[in-house]
Amino acid sequence: MIRFDDVWLKYRSGQGAGPSAPDVLRGVTFEIPDGGFRWLTGPSGAGKTSLLKLITLSEPASRGRVEILGIHAARLSRREAALLRRRIGVVYQDFRLLPHLSAYDNVALPMRLARRNEDQIRADVTEILNWVGLNDKIEALPDALSGGEQQRVAIARAVVGRPKLLVADEPTGNLDDDQAVRLMMLFTALNRLGTTVVVATHNRNLVARYPAQLLDMQEGRLTEHD
Amino acid sequence: MIRFGRSRIDHLGLRSALADRLLPVLVGAMSFLAALAIAGTLAAAVLAAHWQGGAAGELTIQVPNPEAPAGGATREAAVLGVLLTSPGVTNPQLLGQAQVDRLLAPWLGPDVAALALPIPAVITAGWQGPGTPDALGAALSSAAPGTLLSTGAAWAARVATLTASLQACAAVVLIIVAFIATCMVSLATRSGLAQRREAIEIIHGLGALDSDIAGRFAGRAATLAVTGAVIGTLLALPVLFWLATLAAPFVNPGPQAGPALPPGLWVALPMLPLFAALIGWGTAQLTVRGWLRNLA
């Protein structure tokens, strides 16, 4: 379960941070049950990415209570937070691949961090790279891949560990329609298997094609969540 | 070809990020200095022990009015008698007039006899203890009042003080070297963190523990530090042998004197790369863990 209770966020560091910085999230409250699927929508700057940062434990809330997979985020030690992150698959808008690692090694990274057996890693990584259509690019470095291919590597990395929670920020932005459909099939299949899925998107067609509950953000506030 | 072994994967690209040329060179220079400092302190201890042993074991006895009577003999004979029968005293030798004149020549000139000064008789002897020769001094004064007994204890104390000063200087040098090495590793690690910030944020987001990330930096820093320390220590060896050659006549006087490094050095030098590794590993661990606190 994911539960936000009157959550506020003001960035502590980075660009625009400081005491006079604006609240990027203001009193956000919602709940997603285990195995739920939510679209996260709203215009640019509405706070979607900031909300995803809280869900992925990349930022702590300034105020309010955040529960991820039923665990109160503010009470986690650094080690516990790291272990919880391993149960969360994330597809970043900017892919966030390691440029010096091959597609195979990028996808294998979460499993290696979790100390999985190399035989299991080989089987799972090869399978998921086949699934996203990159079986002929497993040794390619990210710079040698197109934007769409990089996005597919990022998606493969997010789902290879069969996460309990899958968070995606504009995952279809660099994909053609066929690939977007395949991606949504993957997400819905994972969701049917019990993975909680949150997908941030501007793509209204995609939302219309795969109906699910909406979390609609406007100026840091949640305006619709059913 | 796919690299399936986890340990061979350089997740953070540290092989290119963590000053792989500069750090070993700087640690090597520090190790070179540390080797010299350690050799200096050990050699000072050896020389001091040698000199202290020599100085503390020598007695010089001055007998004023040596020809004056004392207990049926001359004062000079009475003192010699006491020395010959005292335990711990070895090889008492009455210096001849020529030897005494030679000793006094720097102060009184070459023709001491012409000055008609009352010159005391001088007797040298060895002292093998036990304890200090204080009781001997009292016995000599009793046999011939006014007899002066000098030992090398004062010189030995001065040599001990000098040695302690040299060892303190060497210890300060070692502390400074360790501090500079720590600063260098810290700077190199910070530079590596800045270069690999994005990669670190990515694997942190994927669930890497602080210990995973710090361990990779620490392992790399320790490897580079060991490499530099081994090279620096090996380069110090020829210099140490050259210095030992210069010092050989002071340690082992005689025509057969040859260079010999203090035995303790053969234990201390191999420890240098281990200490360098420890400094590299520990500093990188602390630096990275501190830096990671900036991440949620």
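In the predicted model, Val89 of chain B stands opposite Trp127(B), a residue of strand β5(B). This pair belongs to the contact between β4(B) and β5(B), the latter spanning residues 121–127, and the two strands pair in the antiparallel sense over four bridges. Both strands are part of an open sheet of four strands in chain B, whose order is β4-β5-β1-β6 and whose pairing is antiparallel. The edges of this sheet are formed by β4, residues 89–94, and β6, residues 148–151, each of which pairs on one side only. From one strand to the next, the twist averages 20°.

Within the order of the sheet, β1(B) stands between β5(B) and β6(B), and its pairing can be followed on both sides. Towards β5(B), the pairing is antiparallel and extends over six bridges, with Glu58(B) standing opposite Gly126(B) of β5(B). Towards β6(B), four bridges join the strands, which again run antiparallel, and here Thr60(B) has Ser150(B) as its bridge partner.

At the level of the whole chain, chain B is divided into domain 1, made up of residues 11–53 and 156–292, and domain 2, residues 58–151. The centres of these two domains, taken over C-alpha atoms, are separated by 54 Å.

Turning to chain A, seven helices and ten strands are found. The radius of gyration of chain A is 17 Å, close to the 17 Å given by the globule rule for 226 residues, so that chain A is as compact as a globular protein of that length. Taken along the principal axes, the C-alpha atoms of chain A fill a box of roughly 50 × 40 × 35 Å, and buried residues account for 42% of the 226 residues. Among the contacts in chain A between residues at least 6 apart in sequence, 71% join residues that are at least 24 apart.

A pattern of burial is also given for strand β6 of chain A, residues 88–91, from which Ile88(A) and Val90(A) point one way and Gly89(A) and Val91(A) the other way, with all of them buried. This strand is joined by four bridges to β7(A), residues 165–169, and the two run parallel. In this pairing, Val90(A) stands opposite Val167(A) of β7(A).

The contact between the two chains takes 27 residues from chain A and 19 residues from chain B. On the side of chain A that touches chain B, at least two residues are supplied by each of the helices α2 (78–85), α3 (103–113) and α4 (118–131), and α3(A) gives the most, with six residues. By class, this side of chain A comprises twelve nonpolar, four polar and eleven charged residues.

Note on methods:
Residues numbered from 1 in each chain as written. Chains lettered and ligands numbered in written order. Predicted model: local features only at pLDDT ≥ 70, side-chain atom pairs only at ≥ 80, totals over all residues. Pairing = 2+ DSSP bridges. Axes fitted to C-alpha atoms, helices over the stretch in contact; angles between N-to-C directions. Buried ≥ 20, exposed ≤ 12 C-beta atoms within 10 Å, placed from the backbone. Rg over C-alpha atoms; globule rule 2.2 N^0.38 Å. Contact = placed C-beta atoms within 7 Å. Nonpolar A, V, L, I, M, F, W, Y, C, P; charged D, E, K, R; others polar. Domains from an automatic or database assignment.
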